[in-house]
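Welcome, and take a moment to look over the sequence and the fold below. We will then walk through a few places together, one at a time.

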Amino acid sequence: MTERLAYQYVVLRCVPRVEREEFVNVGVVLYCHATDFLAAAWHVDAERLRAFDPLVDVDRVCDALDFVDAVCAGRVRAGVVAGKPTTQRFGFVKAPRSTVLQPGPVHGGVTTDPSRQLERLIHQLVG
């Protein structure tokens, strides 16, 4: 029997105009404590974002998502947080912000394969 592992995830939202509180899902970050797995997956549909706000800086959104990916992977680009344990890096990523890229609420589930679950979530929640 394959071990079922608990995980947590947040959906990353692009909020082009914070005052309107409209958003587009652009990524998912999944954390599984049992396997020390922390990874991000993302996809930006520039045309869809521009439908919300024609002036949105899509490159800035992609750069912010790349930074989240660097935090999850512990890459140097993430700065000081890169050297922190995965639990703290996930805490950093899931902390609320009032910027163009915001994490949604934390959700949980169980899986036998965190990497495949991340793939499923990105397809289901982002497209």
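**A walk through the model**

Let us begin on the outside: glutamate 21 is exposed, with a relative accessible area of 67% (exposed means over 50% relative accessible area, buried under 20%, and partly exposed in between, using a 1.4 Å probe and protein chains only). This is a predicted model, in which local features need pLDDT of at least 70 and side-chain atom pairs count only at pLDDT 80 or more, while totals for chains, interfaces and linings use all residues. Residues are numbered from 1 along each chain as its sequence is written, and side-chain values use heavy atoms, with hydrogens and water left out.

Glutamate 21 sits in the loop between β1 (5-14) and β2; helices (H or I, at least four residues) and strands (E, at least two) are DSSP runs, numbered from the N terminus. Although glutamate 21 is not a glycine, its phi is positive, about 60°. Aspartate 36, in the loop between β2 and β3 (37-42), is not a glycine either and also has a positive phi of about 60°.

Now follow strand β2 (residues 24-32) to valine 26. This valine 26 is buried, at a relative accessible area of 1%. Beyond its neighbours within four places in sequence, valine 26 is in contact with residues including Leu12, Cys14, Trp42, Leu65 and Val126, where contact means heavy atoms within 4.5 Å.

What about the cysteines? A search of the whole structure finds 0 disulfides, a disulfide being a pair of cysteine sulfur atoms within 2.5 Å. Cysteine 14 is in none, and the nearest cysteine sulfur, in cysteine 62, is 9.1 Å away. For cysteine 32, the closest cysteine sulfur belongs to cysteine 72 and is 14 Å away, too far for a bond. Cysteine 14 is buried at 0% relative accessible area, and cysteine 32 is buried with 0% as well.

Finally, turn to two helices, α2 (residues 58-73) and α3 (residues 86-94), whose axes come within 9 Å and cross at roughly 160°. Axes are lines fitted to C-alpha atoms, for helices over the stretch in contact, and angles run from 0 to 180 degrees between N-to-C directions. The two helices, α2 and α3, are therefore roughly antiparallel (over 145 degrees; under 35 is roughly parallel, 65 to 115 roughly perpendicular and the rest oblique). Where they meet, Phe67, Val68, Val71, Cys72 and Ala73 of α2 touch Arg89, Phe92 and Val93 of α3.
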